[in-house]
Amino acid sequence: MRLELQVGLGAGELRSLQGWLRADPEVRRSAEVGVRGGVPGPGDMGTVLDVLELVTGNGWSAASFVLAVASWRQSRPRRPRVEIRRGQTVIVLGEGSEEEIARAVRALEAVSGGEGGGGDR
């Protein structure tokens with residue numbers, strides 16, 4: 001399964017989240033995490049880092065992933081908004097409440113339903 005994450009507050013925060021996810025043993029064991037550049041805007045030099053891409057394999061846990069993202073947000077001085085995309089489904093972590101985290105886990109489990117963790121590779 002392929003997920004895309006966008007983070008408010010810029011490329012530095014995106015790199016920070018990438019490092020956090022790569023350091024998390026549960027995420028590292030079941031997913032590949034990389035940054036995909038976008039098309040530079042007027043006046044920009046080079047590519048713009050705008051999307052963190054997560055490709056999951058067997059053993060992927062939506063709960064572990066969402067908790068890792070929520071923990072990263074808690075560690076930030078300004079807690080950025082995080083959008084998680086899977087196809088047409090968009091999940092937003094904005095406030096970080098337990099209810100929001102539970103909704104995010106349910107939504108990710110629903111969009112991955114029946115794939116066995118290895119789809120869209």
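Visitor: Where is Pro80 found?

Guide: A word on the source first: this is a predicted model, where local features need pLDDT of at least 70, side-chain atom pairs count only at pLDDT 80 or more, and totals for chains, interfaces and linings use all residues. Residues are numbered from 1 along each chain as its sequence is written, and side-chain values use heavy atoms, with hydrogens and water left out. Helices (H or I, at least four residues) and strands (E, at least two) are DSSP runs, numbered from the N terminus. With those names, Pro80 is found in the loop between H3 and S4.

Visitor: Does Pro80 count as buried or exposed, and why?

Guide: Buried means under 20% relative accessible area, exposed over 50%, and partly exposed in between, with a 1.4 Å probe and protein chains only. Pro80 has 2% relative accessibility, so the residue counts as buried.

Visitor: Is Glu13 buried or exposed?

Guide: The relative accessibility of Glu13 is 15%. By the cut-off of under 20%, Glu13 therefore counts as buried.

Visitor: In what order do the elements of the chain run?

Guide: The chain has 4 helices and 5 strands. Read from the N terminus on, their order is β-α-α-β-β-α-β-β-α.

Visitor: In what sense do S4 and S5 pair, and over how many bridges?

Guide: Two strands pair if DSSP finds at least two bridges between them. Their hairpin has 2 residues between the strands, and Gly87 takes a positive phi near 65° there. Glu83 has Val92 as its bridge partner in S5. Strand S4 covers residues 82–86 and strand S5 residues 89–93, and their pairing is antiparallel, over 5 bridges.

Visitor: Which residues form the covered face of strand S1?

Guide: S1 also pairs with S4 in the antiparallel sense, over 4 bridges, and Gln6 has Glu83 as its bridge partner in S4. In S1 (residues 2–7), the uncovered face holds Arg2, Glu4 and Gln6, while the covered one is Leu3, Leu5 and Val7.

Visitor: Which residues touch the most other members in the largest nonpolar core?

Guide: A nonpolar core is a set of buried Ala, Val, Leu, Ile, Met, Phe, Trp, Tyr and Cys residues joined through side-chain atoms within 4.5 Å. This core has 28 residues, and those touching the most other members are Leu3, Leu5, Leu21, Leu54, Phe65, Ile84 and Leu108.

Visitor: And which element supplies the largest share of this core?

Guide: Several elements, including S1, S4 and S5, each supply at least two residues. The largest share is 7 residues, and they come from H3.

Visitor: Where does pLDDT stay under 50?

Guide: pLDDT is the predictor's confidence in each residue, from 0 to 100. The chain has a mean of 82, with 83% of its residues at 70 or more. Where pLDDT is low, the predicted coordinates should not be read in detail. The stretch where pLDDT stays under 50 is residues 116–121.

Notes
Contact = heavy atoms within 4.5 Å.
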